Amino acid sequence: MKKTMKLFGFALMALCLTLTSCGKDGDDGLDGAVGAQGIPGTDGQDGQDGQDGQNGADGEDGNANVRTFTFDTSSWTGSFRTQDIPEITQSVLDNDVILSYMLSQNGFYYAMPGTVDGGLYNTRPYYRVGRFYVNFNNLDGTSHEIVAGDIANLKVIIIESSQTISGKSSAQDIKKELKSAGIDINDYNAVASYFGLQ
């Protein structure tokens, strides 16, 4: 009986080995579908402007690196004037571009320094921390006396430089940028249009 059981065990083991060694591997199944990214949808429309105290329309994007300051100078008289401008800091003087323009009584903006009112007189601006100064001179170099109403307003534009290279200002780079864009810095309207100023 023991012998029969032993033979039966060997036979069963041989059968199992035969079945497992003779079986053929099946073909590999197909890989599962990889999720492809869909086509991006289109942007939705802007919401309507708010009414009755709700949020209003978005304003136009501005240039955060350009600031303009306007001063009523219609009461200015004499041959020398000053204007407080706290935004003219030492950093601005060291690194940035400052442009100044005057609106003459004839309705034209003139760059300072420069000749104004059809060559009637010259302007020469100066800047210090917190202050703007301007001299008025006749073409022969003598002092020119302006009267109230000769200059309607003063505009000062500070253009922040984007970087300082080796401790030197990149203000010249800003002027080169304007020149390469075909902008005459003596033309206030061209500068204002380029930077989107009012």
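Read along the sequence, the elements of the protein follow the order α-β-β-α-β-β-β-β-β-β-β-β-α-α. In total, the secondary structure comprises four helices and ten strands. The model is a predicted one.

**Overall composition**

- Of the 198 residues in the protein, 28% are buried.
- Among contacts between residues at least 6 apart in sequence, 62% join residues at least 24 apart.

- An open sheet is formed by four strands in the order 1-8-3-4, with antiparallel pairing.
- The edges of this sheet are held by strand 1 (66-72) and strand 4; each has a single partner strand, so one side of each lacks a neighbour in the sheet.
- On average, neighbouring strands of this sheet are turned by 25 degrees against each other, direction ignored.
- Strand 1 pairs with strand 8 (residues 151-159) in the antiparallel sense over seven bridges, and Asp72 stands opposite Asn153 in strand 8.
- Helix 4 packs on the sheet and touches strand 1, strand 3 (97-104), strand 4 and strand 8. The direction of helix 4 makes about 45 degrees with that of strand 8.

**Aromatic pairs**

- A search of the whole structure finds six aromatic pairs.
- One of them joins Phe80 and Tyr133, whose ring centres are 6.0 Å apart; their planes stand at 20 degrees, so the pair is stacked.
- This pair links distant parts of the chain, since Phe80 lies in strand 2 (residues 80-84) and Tyr133 in strand 7 (residues 131-137), 53 residues apart.
- Phe80 is partly exposed, at 43% relative accessibility, whereas Tyr133 is buried, with a relative accessible area of 16%.
- The rings of Tyr109 and Tyr188 have their centres 4.4 Å apart and their planes at 40 degrees, so this pair is tilted.
- Distant parts of the chain are again linked: Tyr109 belongs to strand 4 (residues 109-112) and Tyr188 to helix 4 (residues 188-195), 79 residues apart.
- Tyr109 counts as partly exposed at 22% relative accessibility, while Tyr188 is buried, with a relative accessible area of 3%.
- Through ring pairs, Tyr101, Tyr109 and Tyr188 are linked into a cluster.

Key: Residues numbered from 1 in each chain as written. Predicted model: local features only at pLDDT ≥ 70, side-chain atom pairs only at ≥ 80, totals over all residues. Heavy atoms only, no water. Phe/Tyr/Trp six-rings, centres within 6.5 Å; stacked < 30°, edge-to-face > 60°. Helix = DSSP H or I, 4+ residues; strand = E, 2+ residues; numbered from the N terminus. Buried < 20%, exposed > 50% of the residue type's maximum accessible area, 1.4 Å probe, protein only. Contact = heavy atoms within 4.5 Å. Pairing = 2+ DSSP bridges. Axes fitted to C-alpha atoms, helices over the stretch in contact; angles between N-to-C directions.
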